[in-house]
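Hello,

Here is the model for your files. Please look through it, then read my notes below.

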Amino acid sequence: MAANTGKKPSYKWTTEATRALIHFRATNEDSFTRSKQAPKKLWEQFIKEAGLLGKVEPQQAAKKWENLKTRYKELKNPKTGSGTDGGEETAATWQYYQDMHEVLGGRPSIDPPLLVASFTPDDPTTILLEIVDGPSNSTTTSAMVDGFSSSSTASTSASLMGLSSSMSPSSPPTPSPPKKKKKLNPIVEFLKAESEREQRRHEESEAKTERFLRLFEQMVEKI
């Protein structure tokens, strides 16, 4: 005759009881997190309402909920390389996945927010310089290009300011000295200077393009 250990047989959760537990836990989320003593009383309430009195203890109900959460997380984010060749359970085959997803799917602890860093495309020459010469040289070249751009902008602004001053009504025209060649119109002088600067910019742009092509060829050779 087998000895009586006094232990109650482990309760086998039915589908209906499990879904009732999930629903109860979801609808009482705020109450469960109110205090440390709240969960035990709430699980006792669930056991009575579900007709499980004498079959399930509060700690068993709490353990069942934790097991459901763990299983949901495992199926939602399966390990790399895991498959279903051996008949393993998946999110599509686990009968409680949708029930748990409705409760936990939007929680930050389950789906942490993605932090996307802002990205600004770099100049292609700078990228190639980093590949071929290393980041320090590309930084130097980039600074030189930026410096040239700033210098050109400042020079153009200065010319425009000079033109504006020379054409301002408040500045009386300076009479030309006798027997000297008449000065060119200020607008003509500005356009001529701007044409020269544009020519220099064009030449430097061509040099930069040639440098880019050389770097690209070097990168291809290294691949």
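Which helices do the buried residues of helix 1 pack against? They pack against helix 2 (29–32), helix 3 (38–49), helix 4 and helix 5, with contact meaning heavy atoms within 4.5 Å. Helices here are DSSP runs (H or I, at least four residues), numbered from the N terminus.

Some ground rules. This is a predicted model: local features need pLDDT of at least 70, side-chain atom pairs count only at pLDDT 80 or more, and totals for chains, interfaces and linings use all residues. Residues are numbered from 1 along each chain as its sequence is written, and side-chain values use heavy atoms, leaving out hydrogens and water.

Helix 1. Its buried residues (under 20% relative accessible area, 1.4 Å probe, protein chains only) are Ala17, Thr18, Leu21, Ile22, Phe24 and Arg25. Seen down the helix axis, they fall within an arc of 165°, so they line one face of helix 1. The arc is taken from the directions from the helix axis to the C-beta atoms. On the other side, Glu16, His23 and Thr27 are exposed, which is over 50%.

Helix 5. In residues 97–104, Tyr97, Met100, Val103 and Leu104 are buried. Down the axis of helix 5 they fall within an arc of 130°, so they too line one face. Their cover includes helix 1 (15–27) and helix 4 (58–76).

Thr90. This residue is in the loop between helix 4 and helix 5. Thr90 is partly exposed, at 22% relative accessible area; that class lies between buried and exposed. Thr90 and Lys76 are 14 residues apart in sequence and 8.6 Å apart in space, C-alpha to C-alpha.

Best wishes

Notes:
Helices (H or I, at least four residues) and strands (E, at least two) are DSSP runs, numbered from the N terminus.
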